[in-house]
Amino acid sequence: MKIALLGYGKMGKVIEKLALDRGHTIVFKSTADTSEGNFEAADVAIEFSAPEAAVDNISKALKAEIPVVSGTTGWLNKYDEMVKLCENRNGSFITASNFSVGVNLFFSINEYAAKLMAPWKEYDVSVEEIHHTEKKDAPSGTAISIAESILKHSEKQDWKLNSSEENNLKITAKREEDVKGTHTVSYISSIDTISLEHVAHSREGFAKGAILAAEFLKDKNGVFTMKDVLGI
Ligand SMILES: NC(=O)C1=CN([C@@H]2O[C@H](COP(=O)(O)OP(=O)(O)OC[C@H]3O[C@@H](n4cnc5c(N)ncnc54)[C@H](OP(=O)(O)O)[C@@H]3O)[C@@H](O)[C@H]2O)C=CC1
Ligand SMILES: O=C(O)C1=N[C@H](C(=O)O)C[C@H](O)C1
């Protein structure tokens, strides 16, 4: 596959390395103010940039009829707009708050746990995420996905960053040097604590999942999720 990398930071660089190892080629790369290569030659675009840049990047790919995989977080208030654009252009689009296979399995475990725990009102549920200090958005997109799944099975009304109000699901976001991404769901009662945790040891899992998504998307039309890619 010929890949365009929209965003060539920490993630773009890991994706480039793994894509080359899998026999793909990189035909275009862009950062905030530079670009090189031939965008129109790409079979697929992989977009990991910044919250304020994602919508422009995704639109640019869809308008050029290039399937687009977007991993950027913090722009999802414009998700419906991007879906409409994709449908109007008969294009292909997938976004995920987290492309790692492990986290997508964790999402399913979290959903199962949320259903199981729903009747046991003595447990209070909360979510914590820890990331590196360069991260621009909080809470992480992954923490929001986890919280939204829990809320489907909970009496709590919404998630809230650092809120201790009983009717909100509390998400705590911490920033520590070089942490790739740690997400913990805790169910705490006066008697015990049940915790589910995913710890990313490197960025490879995110990058591998994004390349799998690009390979899946290349010859398809429509809007997909990681559940479609992984068949889970
Ligand atoms: N869904 C997932 O699995 C994952 C998602 N992410 C998300 O991906 C995004 C990127 O993460 P990461 O690589 O760590 O971030 P970095 O800050 O390391 O890299 C961001 C890159 O995007 C570039 N960029 C900024 N604006 C534009 C633009 N308008 N057009 C093209 N490129 C642009 C930056 O350029 P410059 O250097 O010039 O500013 C930089 O090259 C974040 O939103 C993060 O949350 C991260 C990991 C996994
Ligand atoms: O910015 C990051 O680094 C990450 N961002 C994603 C998120 O916001 O959930 C995914 C991963 O945790 C790493």
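This is a short tour of a predicted model, stop by stop.

**Stop 1: ligand 1**

Select ligand 1 and the 26 residues around it. Gly-7, Gly-9, Met-11, Ala-53 and Gly-71 come nearest. Now colour this shell by residue class. Eleven residues are nonpolar, 13 are polar and two are charged. Which helix gives the most to the shell? Show helix α1, residues 10-21. Helix α1 supplies three residues, the most of any contributor.

**Stop 2: the pair α2 and α3**

Next, select residues 54-63 for helix α2 and residues 79-88 for helix α3. Two packed helices are described by the angle between their axes and the distance between the axes. Here the axes come within 10 Å and cross at roughly 10°. The crossing angle is under 35 degrees, so α2 runs roughly parallel to α3. From α2, pick Val-55, Ile-58, Ser-59 and Leu-62. From α3, pick Met-82, Leu-85 and Cys-86. What is the make-up of this contact of α2 with α3? Six of its residues are nonpolar, one is polar and none is charged.

**Stop 3: the annotated positions**

Centre on Gly-141, which sits in helix α5, residues 141-151. Is Gly-141 buried or exposed? Gly-141 has 20 other C-beta atoms within 10 Å, and the cut-off for buried is 20 or more, so Gly-141 is buried. Leave aside its neighbours within four places in sequence. Gly-141 is then in contact with Thr-73, Gly-74, Ser-97 and Asn-98.

Step to Thr-142, also a residue of helix α5. Thr-142 counts as buried because it has 25 C-beta neighbours inside 10 Å. Again leave aside neighbours within four places in sequence. The contacts of Thr-142 are Ser-97, Asn-98, Val-103, Glu-129, Gly-181 and His-183. Ser-97 and Asn-98 are therefore on both contact lists, for Gly-141 and for Thr-142, with contact set at C-beta atoms within 7 Å.

**Stop 4: the whole of α5**

How many of its eleven residues are buried? Eight are, which leaves α5 mostly covered. Highlight Gly-141, Thr-142, Ala-143, Ile-144, Ser-145, Ile-146, Ala-147 and Ile-150 as the buried set.

Last, show what the buried residues of α5 pack against. The partners are helix α4 (101-117) and the strands β7 (124-131), β8 (158-161), β9 (168-175) and β10 (182-188).

Technical notes: Residues numbered from 1 in each chain as written. Chains lettered and ligands numbered in written order. Predicted model: local features only at pLDDT ≥ 70, side-chain atom pairs only at ≥ 80, totals over all residues. Near = placed C-beta within 6 Å. Helix = DSSP H or I, 4+ residues; strand = E, 2+ residues; numbered from the N terminus. Nonpolar A, V, L, I, M, F, W, Y, C, P; charged D, E, K, R; others polar. Axes fitted to C-alpha atoms, helices over the stretch in contact; angles between N-to-C directions. Parallel < 35°, antiparallel > 145°, perpendicular 65-115°, else oblique. Contact = placed C-beta atoms within 7 Å. Buried ≥ 20, exposed ≤ 12 C-beta atoms within 10 Å, placed from the backbone.
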